[in-house]
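Subject: Handover of a structure and findings

Dear colleague,

Please find below the structure that I am passing on to you. The findings follow it, grouped by topic.

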Amino acid sequence: DVTEIFRKVKPISLIIAGDSYIYFGDLSELFISMKEGLMEGGFAAFTLENVQKDTEATLATSKPEWRWQLTASGRFAHRKDYVESVARQ
């Protein structure tokens with residue numbers, strides 16, 4: 001599991017993850033492990049799926065606390081506010 005690798009291989013200066021984090025719903029444990037593994041001054045760059053504006057508006061009305069949505073492609077689309085919140089922890 002990638003979270004174990006981040007913890008074991010530290011210190012890590014750079015994490016790059018393209019089309020990987022879209023398979024995680026809850027990003028909390030992943031971000032915690034990145035923080036533990038990254039050296040001070042290290043960087044993490046990754047991609048996430050966008051949530052369509054109309055879908056985001058619908059979810060904001062029907063489920064205001066939503067954090068991610070499983071899309072038809074089997075990938076998770078994450079709410080921007082959620083990702084930013086998890087990254088600050």
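How many salt bridges does the count come to? The model is a predicted one, and the count for it comes to four salt bridges.

Salt bridges

The side chains of E29 and R7 meet in a salt bridge, with 2.5 Å from N to O. This pair links distant parts of the chain, since E29 belongs to helix α2 and R7 to helix α1 (residues 2-8), 22 residues apart. E36 also forms a salt bridge with R7, and the closest N and O atoms are 2.5 Å apart. Here too distant parts of the chain are linked: E36 is in helix α2 and R7 in helix α1, 29 residues apart.

As for accessibility, R7 counts as partly exposed at 25% relative accessibility. E29 is partly exposed at 40%, and E36 is partly exposed with a relative accessible area of 37%.

A further salt bridge joins E84 and K80, whose closest N and O atoms are 4.0 Å apart. Both residues lie in helix α4, four residues apart, which is about one turn of the helix. K80 is exposed, because its relative accessible area of 58% is over the 50% limit. E84, at 35% relative accessibility, counts as partly exposed.

Aromatic pairs

The count of aromatic pairs comes to four. One of them is formed by Y21 and F24 and is edge-to-face, with 6.0 Å centre to centre and 85° between the planes. Y21 counts as buried at 2% relative accessibility, whereas F24 counts as partly exposed at 26%.

W68 and Y82 form a pair that is tilted, with 5.7 Å centre to centre and 55° between the planes. W68 lies in strand β3 (residues 68-70) and Y82 in helix α4 (residues 80-88), so this pair ties together parts that are 14 residues apart in sequence. W68 is partly exposed, with a relative accessible area of 26%, while Y82 is buried at 7%.

Pockets

The largest pocket has a volume of about 200 Å³. Its lining consists of L48, E49, N50, V51, E56, H78, R79, K80, V83 and E84. Helix α4 gives the most to this lining, with three residues. K80 and E84, the salt-bridge partners described above, are among the lining residues. By class, the lining of the largest pocket has five charged, three nonpolar and two polar residues.

The second largest pocket has a volume of about 170 Å³. The residues that line it are F31, I32, M34, K35, A44, F46, V86, A87 and Q89. The elements giving two or more residues to this lining are α2 (28-37), β2 (38-46) and α4. The largest share, four residues, comes from α2. This lining divides into seven nonpolar residues, one polar and one charged.

Which element gives the most to the lining of the largest pocket, and which gives the largest share to that of the second largest pocket? For the largest pocket this is α4, and for the second largest pocket α2.

Yours sincerely

Terms used:
Residues are numbered from 1 along each chain as its sequence is written. This is a predicted model: local features need pLDDT of at least 70, side-chain atom pairs count only at pLDDT 80 or more; totals for chains, interfaces and linings use all residues. Side-chain values use heavy atoms; hydrogens and water are left out. Rings of Phe, Tyr and Trp (its six-membered ring) pair if their centres lie within 6.5 Å; planes under 30 degrees apart count as stacked, over 60 as edge-to-face and the rest as tilted. Buried means under 20% relative accessible area, exposed over 50%, partly exposed in between (1.4 Å probe, protein chains only). On a 1 Å grid over the protein atoms alone, a cavity is a set of points where a 1.4 Å probe fits but cannot get out, and a pocket is an open set with protein on both sides within 12 Å along at least five of seven lines; lining residues have an atom within 4 Å of a point. Grid points are joined across faces, edges and corners, and a volume is the space filled by probe spheres set on the points. Ala, Val, Leu, Ile, Met, Phe, Trp, Tyr, Cys and Pro count as nonpolar, Asp, Glu, Lys and Arg as charged, and the others, Gly among them, as polar.
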